[in-house]
Number of protein chains: 2
Amino acid sequence: MGVIVQKYGGTSVADLDRIRHVADRVIRTARQGHALVVIVSAMAGVTDGLIALARRVDPEPDKRELDALLATGEQTTAALLAMTLRARGVPAQSLLGFQVEVRTDFCYGNARIQDIGVERMRRLLDQGVIVVVAGFQGCDPEGNITTLGRGGSDTSAVAIAAALRADCCEIYTDVPGVFTADPNLVPRARKLERISYEEMLEMASIGAKVLQIRSVEFAMKYRVPVHVRSTFSDEEGTMVVAEENGMERVVVSAVTMSKTDARITLKNVPDRPGIAARIFTPVAEAGICVDMIIQNTRASGATDLTFTVPRADYRKALAIERQVAAEIGAEEVLGDESIAKVSITGVGMRSHPGVAARMFATLAREGINILMISTSEIRISCVIEQKYAELAVQSLHSAFGLDAPA
Amino acid sequence: MGVIVQKYGGTSVADLDRIRHVADRVIRTARQGHALVVIVSAMAGVTDGLIALARRVDPEPDKRELDALLATGEQTTAALLAMTLRARGVPAQSLLGFQVEVRTDFCYGNARIQDIGVERMRRLLDQGVIVVVAGFQGCDPEGNITTLGRGGSDTSAVAIAAALRADCCEIYTDVPGVFTADPNLVPRARKLERISYEEMLEMASIGAKVLQIRSVEFAMKYRVPVHVRSTFSDEEGTMVVAEENGMERVVVSAVTMSKTDARITLKNVPDRPGIAARIFTPVAEAGICVDMIIQNTRASGATDLTFTVPRADYRKALAIERQVAAEIGAEEVLGDESIAKVSITGVGMRSHPGVAARMFATLAREGINILMISTSEIRISCVIEQKYAELAVQSLHSAFGLDAPA
């Protein structure tokens with residue numbers, strides 16, 4: 001019997017009525033003869049509420065304790081959904097991260113799954129029990145609760161689907177699928193029927209909020225077919241699958257934008273060997289991910305060094321770099337939180353030259369200055385001033401022929 | 001270095017301000033050179049809110065899932081207190097039931113502690129870390145979350161104190177100690193300086209809400225000195241200790257009352273061997289605790305059988321007994337939820353005859369009909385109509401000379 005994994009996001013389980021609606025869908029799928037594992041997020045707003053509560057205790061709350069606090073959100077939903085299913089006479093059981101077991105590293109707040117125990121889930125599935133798993137959470141080797149970062153329930157779902165060799169991992173969300181751009185920004189954005197893991201990975205890494213990036217990595221690595229679809233309709237969503245020959249060969253599949261980064265510049269850094277390590281090691285040790293890095297050599301022989309970090313870690317990174325700058329004799333440290341990153345993604349880029357040039361020309365035509373650029377084989381990202389973010393997305397969406405027919 | 005265990009109840013941790021106040025007290029105790037384990041309840045109202053939420057899903061929610069849901073309450077408080085302590089630079093770490101490990105049986109909603117792991121706590125205490133434990137929760141041998149029943153955090157605290165051979169277990173609550181009666185009912189009730197485990201045990205078993213009964217059993221068994229005191233003052237509370245010769249030899253130490261039971265009567269039960277087993281086995285199998293039992297033989301040779309159950313299990317027990325009655329040919333099943341149990345307790349009873357007679361006479365003088373009676377060596381309880389409960393407590397408090405000087 002094939003295993004189906006379903007994941008329901010926060011808006012899908014926002015209250016008891018919606019949880020009942022999820023139970024309907026779960027029961028329908030189970031009656032079709034599937035063994036079923038359901039991963040749930042915290043009810044909409046709960047995680048943010050808990051973070052706000054923790055910040056009232058401490059603006060930088062202890063990460064281990066914050067994870068123990070946040071994990072209650074998914075625990076609540078999992079228990080309520082299992083209860084709802086059992087109240088209808090359907091055998092169901094909730095499992096928490098440590099019970100599954102979702103084993104992670106020690107990186108509180110952004111832990112990585114290392115291994116998933118399948119025995120307990122298999123035993124329950126074999127008994128015809130629907131397994132309801134609290135998403136977003138795991139357990140480190142010492143038994144501490146960890147969380148997987150924003151959107152971590154997606155990763156829980158895909159990792160569990162991979163571990164169980166599920167036929168499909170359905171991600172139920174409040175949007176009907178993956179779009180060529182955020183429909184809130186671009187009214188003429190279109191839903192994609194299929195998208196490759198590679199494109200989804202690039203899109204997830206640059207702010208498409210539809211799937212957490214690590215979930216796509218897992219899906220790609222273990223070839224888990226992922227179906228992104230709406231909880232609120234029966235319409236087919238977007239299949240995230242391996243790249244196929246028959247796949248639509250558009251140059252650019254989607255335009256995305258994020259406002260979650262901040263930029264830090266160290267001015268006039270002495271140009272000595274080992275200086276980059278001096279600058280980036282303390283940031284890495286603080287668990288902060290650096291994204292883009294640019295180094296400009298000055299006429300004097302010194303260099304300016306600019307990089308981006310998640311906005312959540314901005315203050316911490318800034319404090320660290322101020323100390324580093326003093327130690328290495330850099331002139332000053334500048335910071336900027338009002339930036340945005342605009343990206344275009346598409347497997348077709350591999351075989352079409354001139355895509356970058358067209359992107360830069362489009363932005364230039366709108367008078368948008370490019371602050372930083374980074375590229376991959378199938379993606380180009382530009383950091384721009386935040387105020388131009390929406391304009392940039394709209395003009396790129398048109399320029400690359402993605403607008404739906406008017 | 002001596003270990004002190006402190007337990008803070010729901011009103012003591014009702015909001016972030018109160019949690020800060022608890023942190024003050026914890027830090028003060030730690031600075032006096034004590035190794036410290038702090039057990040916390042859910043914030044006031046949280047457990048009731050979660051139960052109400054679960055009942056909206058299902059009037060009789062699945063017990064395993066309810067426990068997983070309820071455990072989030074203490075998890076939240078533990079994380080917030082540990083965070084608060086760490087924000088002040090004091091090393092602290094929260095531990096949940098499964099992390100401690102508080103190993104229990106499988107009885108969801110009312111699990112019994114079977115064993116407590118001390119290694120992890122000891123290791124943290126040796127490192128100078130304040131251990132903050134989520135009370136009320138444990139973990140069965142299969143790793144499911146269990147809860148210990150109303151007031152279970154008291155039991156968590158005393159059991160942990162016993163396991164760690166703590167010098168003292170301080171129970172911080174919203175009252176200044178143990179009283180001769182509930183001061184809300186009896187304005188002239190007095191605070192007791194000391195009370196024996198035995199008396200406290202009887203009082204806890206009959207509705208004195210100050211300590212969960214199982215916590216007193218643990219304290220008595222392992223001779224843990226328990227100090228019941230107020231979070232909101234530095235005044236000494238009541239010491240619960242082994243009975244001493246020097247202990248005040250009053251006949252009756254306290255009058256208590258509970259409205260948490262319901263009564264079920266099977267009328268005209270055929271008087272055959274094995275019939276009592278037929279009546280009580282299915283109730284026991286449903287995990288319902290029967291308290292008092294009375295059997296009256298009728299002239300016909302049949303009997304009426306009356307017993308009490310927790311009001312929370314009343315409907316379930318009634319349904320079970322209606323089926324049993326049909327099977328065994330009993331005439332009918334009657335139920336009554338509006339009863340109260342009034343009790344007097346005191347080690348002095350052992351050596352003073354006539355206490356029961358005085359209790360019955362006192363109730364008779366007020367026109368209160370006694371529906372059921374049960375006694376132990378140091379306690380007498382009467383079930384009466386609920387509407388007389390307060391009157392009964394007040395008149396007994398006076399009759400046994402417990403009123404404070406006017």
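**A sheet and its helices**

A:V255 stands opposite A:I344 in β18(A); here helices (H or I, at least four residues) and strands (E, at least two) are DSSP runs, numbered from the N terminus. The model is predicted, so local features need pLDDT of at least 70 and side-chain atom pairs count only at pLDDT 80 or more, while totals for chains, interfaces and linings use all residues. Residues are numbered from 1 along each chain as its sequence is written, and chains are lettered from A and ligands numbered from 1 in the order in which they are written.

The strands β13(A) and β18 (residues 339-345) of chain A run antiparallel and are joined by 5 bridges; two strands count as paired if DSSP finds at least two bridges between them. They belong to an open sheet of 4 strands, in the order β13-β18-β20-β19 (chain A), with antiparallel pairing. At its edges stand β13 (254-258) and β19 (370-376) of chain A, and each has a single partner strand, so one side of each is left without a neighbour in the sheet. From one strand to the next the twist averages 20°. In general, strands of a sheet pair through backbone hydrogen bonds, either parallel or antiparallel.

Two helices accompany this sheet. α11(A) lies across β18, β19 and β20 (379-385) of chain A and runs at about 20° to β20(A), where axes are lines fitted to C-alpha atoms, for helices over the stretch in contact, and angles run from 0 to 180 degrees between N-to-C directions. α12(A) also packs on the sheet, touching β13, β18 and β20 of chain A, and its direction makes about 15° with that of β18(A).

These helices also meet each other. The axes of α11 (residues 355-365) and α12 (residues 389-399) of chain A come within 10 Å and cross at roughly 130°. α11(A) and α12(A) are therefore oblique to each other; angles under 35 degrees count as roughly parallel, over 145 as roughly antiparallel, 65 to 115 as roughly perpendicular and the rest as oblique. The crossing of α11(A) past α12(A) is right-handed; a crossing is left-handed if the near helix is turned anticlockwise from the far one by less than a right angle, and right-handed if clockwise. α11(A) contributes A:R358, A:M359, A:T362 and A:L363 to the contact, and α12(A) contributes A:A392, A:S395, A:L396 and A:A399; residues are in contact if their C-beta atoms, placed from the backbone, lie within 7 Å. By class, the contact of α11(A) with α12(A) has 5 nonpolar, 2 polar and 1 charged residues; Ala, Val, Leu, Ile, Met, Phe, Trp, Tyr, Cys and Pro count as nonpolar, Asp, Glu, Lys and Arg as charged, and the others, Gly among them, as polar.

Chain A holds a further open sheet of 4 strands, in the order β15-β16-β14-β17 (chain A), again with antiparallel pairing. Its edges are β15 (293-297) and β17 (332-336) of chain A, each with a single partner strand, so one side of each is left without a neighbour in the sheet. The twist here averages 15° from one strand to the next. β15(A) is joined to β16 (residues 303-310) of chain A by 5 bridges, running antiparallel, and A:I294 has A:T306 in β16(A) as its bridge partner.

Another helix pair lies between α1 (residues 16-31) of chain A and α3(A), whose axes are 10 Å apart and which pack at an angle of about 60°. That angle makes α1(A) oblique to α3(A). The residues A:I19, A:R20, A:V22, A:A23 and A:V26 in α1(A) meet A:L80, A:L81, A:T84 and A:L85 in α3(A). They divide into 7 nonpolar, 1 polar and 1 charged.

Finally, the two chains meet through 24 residues of chain A and 24 residues of chain B. On chain A, α2 (46-57), α3 (63-87) and α4 (97-100) each supply at least two residues of the side that touches chain B, and the largest share, 13 residues, comes from α3(A). That side of chain A divides into 12 nonpolar, 7 polar and 5 charged residues.

The same surface serves both copies, since 100% of the contact residues of chain A recur in chain B.
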